[in-house]
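Here is a colleague's note for your first look at this model. Keep the structure open while you read the numbered points.

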Amino acid sequence: MSQCSTIARKPRHAAALGAALVAALALAGCAVQVQNRQPAQEIAQSAKPAGSVYPGWRVFQEKCARCHGPEAGGTPRGPDLLPKVREMGSRQFVGLVLRRYDWSMPAARAGSESAAREALVEDVLQRREGQLVMPAWESEPRVNAHIMDLYAYLSARAQGSQAPGRPAP
């Protein structure tokens with residue numbers, strides 16, 4: 001009789017041991033996931049441009065939408081900014097907004113202020129209609145204070161992470 005009770009205990013003992021092993025593995029998997037979540041969030045956060053989308057949207061509506069449209073998609077007075085911003089980094093964006101006048105020139109040529117000035121003079125001499133001339137914003141305090149917010153908004157629109165319309169504050 002003792003042999004039967006020993007045999008009956010072994011399957012129960014093995015089942016309990018198996019269940020404990022499965023539970024331990026499940027808990028170990030959860031711990032790894034929790035530990036790895038923070039670096040992934042940090043990487044995602046560092047990939048976002050500096051600045052905040054909502055204040056950038058407000059500055060854009062106040063200073064830029066009149067020419068570039070309320071969604072930055074362009075109007076007869078100013079070009080669609082989304083493809084242009086998609087191709088540039090924050091440093092180039094800041095330089096163009098604060099100092100550059102002619103958005104119709106390819107960004108590669110725009111690095112030289114003299115090239116932009118040359119193109120503008122040529123357009124005036126040729127009396128071309130509908131020249132796209134953007135004012136420099138370096139002396140505008142609101143734009144200066146929120147230039148990175150403006151970039152964050154336009155970059156989010158260009159990358160598709162911000163839908164048209166008012167962003168959440």
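In what order do the elements of the protein run from the N terminus on? They run α-α-α-α-α-α-α-α.

1. Ground rules. This is a predicted model: local features need pLDDT of at least 70, side-chain atom pairs count only at pLDDT 80 or more, and totals for chains, interfaces and linings use all residues. Residues are numbered from 1 along each chain as its sequence is written, and side-chain values use heavy atoms, with hydrogens and water left out.

2. Overall make-up. The protein has 8 helices and 0 strands. Both are DSSP runs, numbered from the N terminus: helices are H or I with at least four residues, strands are E with at least two.

3. Surface and interior. The protein has 169 residues, and 28% of them count as buried. Buried means under 20% relative accessible area, exposed means over 50%, and partly exposed lies in between (1.4 Å probe, protein chains only). The protein exposes about 11300 Å². Carbon and sulfur atoms supply 58% of that area. Accessible areas come from the Shrake-Rupley method with a 1.4 Å probe; for residues, only the protein chains shown count as cover.

4. Contacts along the chain. Take the contacts (heavy atoms within 4.5 Å) between residues at least 6 apart in sequence. Of these, 67% join residues at least 24 apart.

5. Helix H2. Find residues 53–63. The buried residues of this helix are Tyr54, Gly56, Trp57, Val59, Phe60 and Lys63. What covers them includes helix H3 (65–68), helix H7 (141–145) and helix H8 (147–159).

6. Salt bridges. How many does a search of the whole structure find? The search finds 3. A salt bridge is a side-chain nitrogen of Lys or Arg within 4 Å of a carboxyl oxygen of Asp or Glu. Side chains of opposite charge can pair when their charged atoms come close.

7. Glu62 and its partners. Lys63 forms a salt bridge with Glu62, with the closest N and O atoms 3.5 Å apart. Arg142 also bridges to Glu62, at 2.6 Å between the closest N and O atoms. That pair links distant parts of the chain: Arg142 sits in helix H7 and Glu62 in helix H2, 80 residues apart. Glu62 is partly exposed at 44% relative accessible area, and Arg142 is partly exposed at 26%.

8. Lys63 again. Lys63 forms a salt bridge with Glu140, the closest N and O atoms being 3.3 Å apart. Glu140 lies in the loop between helix H6 (113–126) and H7, 77 residues from Lys63 in helix H2. Lys63 counts as buried because its relative accessibility is 19%.

9. The network. Salt bridges link Glu62, Lys63, Glu140 and Arg142 in a network.
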